[in-house]
Amino acid sequence: MQMKEQIHKTELFVQQALAMDSTGHDWHHIERVRRNALYIWEKEKQGDRFVIEMAALLHDIPDEKLNESAASGEKKLMDFLQTLHLEKELQQKIVEVIDSISFKGGHNPPPLWTEGKIVQDADRLDAIGAIGIARTFAYGGKKGRSMYDPSKKAREQMTMEEYRNGDSSTVQHFYEKLFKLKDLIHTETARAMAEKRHLFMEQFLEEFYEEWNGQF
């Protein structure tokens, strides 16, 4: 099976797997992350393009929050990869890159592979800025979180379980994750993109607080 065919088969699989998603992890998110990743790759001129594209396409398939369990998500990914008949080393590298991408409350160590750094940057870019704001409120609503609760303060230290399921509001999530991402970007290309998106989030919250507090 040629690489072009493998990528096309992967696109169809991911589109079907995430067709019903309403948390901001749908196919459109995947496509934006792939576009970001390939743009970074073209600018940085580092890493294996095929690994980067495949990892970008598949990065949310094993995500624990989108599956019944971490184990079921990993099985879904591995079962699909087996259908592509990839070389063992190539398949393992794609899996390792995907495993390194998630934020996990800040508990996930930095990616070792250049490809992982690029795809992680691409994914984090889609978590900030205007799209990031929209995705954050979509996910918060799906999880039944309040939009904003002034009595709740952002948590500084969290276990992974607390990060996933703790009592939090969507606005808190800006401080617990989104505002941290700019300083965790690896590549120069993504860092320049992140600066603009980070500033937009700050401006959004300034306006949000003014309206919330009735400042006319």
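This is a predicted model: local features need pLDDT of at least 70, side-chain atom pairs count only at pLDDT 80 or more; totals for chains, interfaces and linings use all residues.
Residues count from 1 along each chain as its sequence is written, and local features need pLDDT of at least 70. Side-chain atom pairs count only at pLDDT 80 or more, with heavy atoms used and hydrogens and water left out.

Start with Val14 and Leu58: they have the most contacts inside the largest nonpolar core, which has 50 residues. (Such a core is a set of buried Ala, Val, Leu, Ile, Met, Phe, Trp, Tyr and Cys residues joined through side-chain atoms within 4.5 Å; buried means under 20% relative accessible area with a 1.4 Å probe, protein chains only.) Now colour α3 (49-58), which gives this core its largest share, eight residues. Helices here are DSSP runs of H or I, at least four residues, numbered from the N terminus.

Stay on Leu58 and show its neighbours: leaving aside residues up to four places away in sequence, Leu58 touches Thr10, Phe13, Val14, Leu77, Phe80, Leu81 and Ile98. Touching means heavy atoms within 4.5 Å.

Next, select α4 (residues 70-82) and α5 (residues 88-99), whose axes come within 11 Å and cross at roughly 155°. That makes α4 roughly antiparallel to α5 (over 145 degrees, between N-to-C directions of lines fitted to C-alpha atoms over the stretch in contact, on a scale from 0 to 180). Show Leu77, Met78, Leu81 and Gln82 of α4 against Gln91, Val95 and Ile98 of α5 to see the contact.

Finish with α2 and α6: their axes come within 8 Å and cross at roughly 130°. Along α2, pick His29, Val33, Asn36, Ala37, Ile40 and Trp41; they meet Ile118, Val119, Asp121, Ala122, Asp123 and Leu125 in α6.

Notes
Helices (H or I, at least four residues) and strands (E, at least two) are DSSP runs, numbered from the N terminus. Angles under 35 degrees count as roughly parallel, over 145 as roughly antiparallel, 65 to 115 as roughly perpendicular and the rest as oblique.
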